[in-house]
Structures are given as structure tokens and as C-alpha cells.
Amino acid sequence: ISLRGPRLDLVSFLDNADREELKYKRGPRLRVNLNVGRVEISPGKFLRSVYGELGNDGLVWSHVNLSTIIDDEKSLVIKLSPKNGKRNLYVASNDAGAVLRKLGLYQDIMGGKLALKAEFQGMGPDSKVVGKGVIEDFRLVDAPLLARLLGIASITGIPDELAGAGLSFQRFDVPFTKETGIVEVKDAKAGGFNLGITVSGTLDLESETLDIKGSIAPLDKVNSLFGSIPLFGVLFSGGEKGGGLFAAEYSMVGPIDDPEITTNPLTALTPGIFRKLFEILPGANSRGGTTDWPDPDDPN
């Protein structure tokens, strides 16, 4: 199929594709060539100058080589290729925030260079995906969930930056796996001169809930210097990858838009090795264990 022209509406097609994603219903092999001025991917959201080729083996998209313009010459490249019964995905953009907003994934990142590499570990619709995403040199603006966490952790000053020009980060590393609607993140870290955050846990895309924990450290670049001292670094960081000398540990459990957030205020003033000790004190639970919260879809 060759599709050429000024405008293509894919809204209904993409909605149906989401609903059929996990059904093993093999169809004909298909190759699609695209050269379209504007492609509508959701109501009112367009990709411009979409050019490339897609291949479907009758069950899944097995080949993709696409380039497009997001907004104001901000580019996006998507490549997918099969190898040894698996599929390798590569996504890159010179404006990560614009891509995430256009896809309806996240609204509060501005700018940033995006690079994502992942592997589908099979040729089926429900194949496990293992990968890593990196965003460099971006700003967070508003970010109400982060502002709420900072308030609960009693970290002052930084929320004012979020409400203004935004909080700058040099790098955000997100190692992840995705299987049957569950995304697991391990040792993710966003680092900036003013703040550092580590994240580990799971997101349930079907129920739109999360269960994550990590640490949040003010003045991350200065703070983390202590954690990088040879031999003694593990003492200062408590053995946590990406952890700093002083940090507040936190947990978030519940609906993604409004989770229950807990922190241990003692850890904001305590070196990492002592944070580990708080975990074994009766009732301390500095990792913020699983919290009971009502599930509206649970008949019990």
C-alpha cells in the first residue's frame, strides 16, 4: 500500500489497534509506504511530513523506518527491525517533551534530547519488552506530583522553580521492562544541579496505578560527590545505585494521577548507611511498604 497526500486521519485505526493488540489473529503480510503532509494520531494532534515504510508479518509490525516532524522542525525517528526471532526498537528525537505531549504520555517535560533502545523478546503481540530510555538536558515545569512529593518531604525552594521557569535536569535514565500491561522500572534516576531522584517499582497500565519507591535528594551534584568516593562511597550512599549522601526516601502507591505518598523525614538529614538501619527499626518502614487503598473495580 502506498499512501501519499496532504492529510491522513489515523485516530480510529489507532484506537482499534489498541483494542486488538493482544489478540492472535493473523492476517495478510503487509507493507506500507508513507509520504503524507499531516497525520492525525489523536483528536487535534498531528505529525507533519511523515515519511517512511512499515512492514507487518500478519500478526505484528515487524519493520518500521519512519521520520516525522513534531512541531517547529522538532524531529522524531522510529526504527523497528527483526533479528533472531526478536525485534529491536530505536526511537530518537531532539525534543523529548514535544514527543511525550504529542503522544499524550506526559505534559510537564520541556525540551530534552530523547534516545530509547528496546528489544521485543519475541514476534508475538504480547512479547516482553526490555529497554532503556534516556532524556538529556530538559526542564520540568509544574509537575504537580513532584511538587507534592517535595512538600511532603519538606524540601523547600525547589517547588518555586517548578512553578516558574522550571527545574533543570542534565539526564534521566530509565531502564524498564514491559509485559502484559505491567511496566517495571529499576534504578531509574533523574539528576540535576538542584535535585536528584531515584525510582524503582511498577506501573500497571491497565488499572492506571503505580507502586514505586526511591529517594529524592536536594543539591544532587554536590550531594552525590560523597557517594562517589572510592571504597567509602557505598557507606555514604547506602549501596543504592545513584543515591546521594543525604536524601529523603519515599514511596508512591495507588492511582497514577493521585497516589498516596509517604516519606521518612529522618532520612533527609541522615547519611545513606544509617538510612538502611531505619528499615529494621520497629514501625519505621523507611521504604514505605505497600499501603492499602480502595480499588473501585474490586467487587470485594
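1. **Confidence.** Please keep in mind that this is a predicted model. The protein chain has an average pLDDT of 81, and 75% of the residues reach at least 70. Residues 231-237 fall below 50, and this stretch has 18 contacts in the model beyond near neighbours in sequence. Residues 273-293 also stay under 50 in pLDDT, and for them the model has 41 contacts beyond four places in sequence. I would read both stretches with their scores in view.

2. **The nonpolar core.** Which residues have the most contacts inside the largest nonpolar core? They are Leu146, Leu195 and Ile216, in a core of 52 residues. Strand β2, which covers residues 30-42, gives the most to this core, with five residues.

3. Leucine 3 has a relative accessibility of 31%, so it counts as partly exposed.

4. **Serine 62.** Is serine 62 buried or exposed? With a relative accessible area of 6%, serine 62 is buried, because buried means under 20%. This residue lies in strand β4, which runs over residues 61-69. Leaving out residues up to four places away in sequence, serine 62 touches Gly55, Asn56, Asp57, Leu80, Ser81, Pro82, Arg87 and Met123. Asp57, one of those contacts, comes up again in the next point.

5. **Aspartate 57 and arginine 26.** The structure holds nine salt bridges. As background, side chains of opposite charge can pair when their charged atoms come close. In one of the bridges, the side chains of aspartate 57 and arginine 26 meet at 3.9 Å, N to O. Aspartate 57 sits in the loop between β3 (45-56) and β4, while arginine 26 sits in the loop between α1 (11-20) and β2, so the pair ties together parts that are 31 residues apart in sequence.

6. **Lysine 132 and aspartate 173.** Another salt bridge joins the side chains of lysine 132 and aspartate 173, at 3.4 Å from N to O. This pair links distant parts of the chain, with lysine 132 in strand β8 (residues 129-140) and aspartate 173 in strand β9 (residues 167-179), 41 residues apart. Lysine 132 counts as partly exposed, at 38% relative accessibility. Aspartate 173, at 16%, counts as buried.

7. Arginine 171 is partly exposed, with a relative accessible area of 34%.

Terms used. Residues are numbered from 1 along each chain as its sequence is written. This is a predicted model: local features need pLDDT of at least 70, side-chain atom pairs count only at pLDDT 80 or more; totals for chains, interfaces and linings use all residues. Side-chain values use heavy atoms; hydrogens and water are left out. Helices (H or I, at least four residues) and strands (E, at least two) are DSSP runs, numbered from the N terminus. Buried means under 20% relative accessible area, exposed over 50%, partly exposed in between (1.4 Å probe, protein chains only). Contact means heavy atoms within 4.5 Å. A nonpolar core is a set of buried Ala, Val, Leu, Ile, Met, Phe, Trp, Tyr and Cys residues joined through side-chain atoms within 4.5 Å. pLDDT is the predictor's confidence in each residue, from 0 to 100. A salt bridge is a side-chain nitrogen of Lys or Arg within 4 Å of a carboxyl oxygen of Asp or Glu.
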